[in-house]
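Please read it alongside the sequence and coordinates.

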Amino acid sequence: MSESPPTTPVCYRHPGRETYIRCTRCDRPICPDCMREASVGHQCPECVNEGRRSVRPARTAFGGGTAGRHGYVTKALIAVNVLFLLASIASARGGDAAVGGSGFGGLMGGSTPLTEWGAVLGRAYLSDYTLGGIAEGQWYRLVTAMFLHYGVLHLLLNMWALWVLGRSLEANLGRVRFAALYLIAGLGGNVAAYLFSSPRAATVGASTAVFGLFAALIIIERKLGRDISRIIPILVINLVFTLAVPGISIPGHLGGLVVGALMALVLAYAPRSRRTLVQVTGGALILLILLALVLFRTAALLT
């Protein structure tokens with residue numbers, strides 16, 4: 001009885017293609033279209049995908065993803081602030097909303113229906129003679145205020161600082177952690193403005209969050225062992241500017257600075273073994289404290 005001639009191997013994914021090349025991991029025949037370059041030889045698509053799933057994605061020193069180096073969150077925050085200013089100008093239907101209003105030599109722009117709606121305001125009569133403010137249940141003001149500005153110059157100063165500080169922090173922390181830092185610092189500054197400002201004083205601006213980023217950058221850079229000697233003088237200048245120029249919310253800036261520093265400490269010094277859990281718990285605890293302070297202030301205003 002004669003032996004049958006040996007058959008030529010065919011690609012396991014393309015049975016009509018003969019090949020003598022085999023995957024270095026699973027030893028299955030693969031044709032040139034299925035070959036994937038590997039450190040040694042070639043692999044099939046399934047083995048390549050399996051290898052990718054077994055490799056842990058790269059993380060920053062603080063547990064965030066490396067996609068933060070692209071600065072997507074920083075750019076998105078700037079875009080949101082710009083859109084809010086355009087909407088604010090449109091709501092006023094006048095140029096004073098952009099430039100020429102009161103404040104800082106007339107360059108800061110004026111109040112608009114949108115800023116009246118979204119500013120930090122404790123309790124006061126609004127332009128339509130209704131009683132409004134955070135004490136009246138308008139808690140959204142604690143968030144919307146960090147995206148509104150009095151004019152173009154006000155916006156440009158804050159967005160320049162956000163661009164410089166945000167990209168570095170986002171690259172080090174990752175997108176999610178940086179976004180949490182920004183929002184919690186901004187919220188903390190607005191809560192401080194609510195606590196320590198006149199109930200009739202309206203406050204807007206991203207500077208509450210920006211001051212938090214200043215504090216966070218110092219803490220993060222220090223944790224990484226980098227030189228912070230160039231950052232501190234800039235922060236000091238901004239603090240002097242805050243204290244010297246009339247019309248700037250001192251409680252808002254200092255509150256954002258303190259809360260941003262607290263959140264940065266949580267992010268930077270969480271133990272590696274339980275890093276995400278500690279970071280989430282610490283951020284939630286800060287939010288609960290801010291909530292309690294708002295409730296305390298509201299009760300005081302309503303009594």
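The notes below are grouped by topic.

The model is predicted. Helices H6 (residues 175-196) and H10 (residues 275-302) have axes that come within 10 Å of each other. A UniProt record, from an unreviewed entry, places the feature "transmembrane region" at residues including 178-196 and 277-296.

**Helix pair H6 and H10**
- The axes of H6 and H10 cross at roughly 20°, which falls under 35 degrees, so H6 is roughly parallel to H10.
- The crossing of H6 past H10 is left-handed.
- On the H6 side, the residues that meet H10 are Arg-177, Ile-184, Leu-187, Gly-188, Val-191, Tyr-194 and Leu-195.
- On the H10 side, the residues in the contact include Thr-276, Gln-279, Gly-283, Ile-286, Leu-290, Val-294, Arg-297 and Leu-301.
- By class, 11 nonpolar, 5 polar and 2 charged residues take part in the contact of H6 with H10.

**Leu-114**
- Leu-114 lies in helix H3 (residues 113-118).
- Its relative accessible area is 19%, under the 20% cut-off, so Leu-114 counts as buried.
- Beyond its neighbours within four places in sequence, Leu-114 is in contact with Phe-84, Ala-87, Ser-88, Ser-91 and Leu-148.
- Leu-85 is 29 residues from Leu-114 in sequence, with a C-alpha to C-alpha separation of 9.0 Å.

**Annotated segments**
- Residues 72-92 are 100% helix and 0% strand, with end C-alpha atoms 31 Å apart.
- Residues 202-219 are 72% helix and 0% strand, with end C-alpha atoms 31 Å apart.

How values were computed. Residues are numbered from 1 along each chain as its sequence is written. This is a predicted model: local features need pLDDT of at least 70, side-chain atom pairs count only at pLDDT 80 or more; totals for chains, interfaces and linings use all residues. Side-chain values use heavy atoms; hydrogens and water are left out. Axes are lines fitted to C-alpha atoms, for helices over the stretch in contact, and angles run from 0 to 180 degrees between N-to-C directions. Helices (H or I, at least four residues) and strands (E, at least two) are DSSP runs, numbered from the N terminus. Angles under 35 degrees count as roughly parallel, over 145 as roughly antiparallel, 65 to 115 as roughly perpendicular and the rest as oblique. A crossing is left-handed if the near helix is turned anticlockwise from the far one by less than a right angle, and right-handed if clockwise. Contact means heavy atoms within 4.5 Å. Ala, Val, Leu, Ile, Met, Phe, Trp, Tyr, Cys and Pro count as nonpolar, Asp, Glu, Lys and Arg as charged, and the others, Gly among them, as polar. Buried means under 20% relative accessible area, exposed over 50%, partly exposed in between (1.4 Å probe, protein chains only). UniProt positions are given in the numbering used here, feature names are shortened, and annotations may be inferred rather than shown by experiment.
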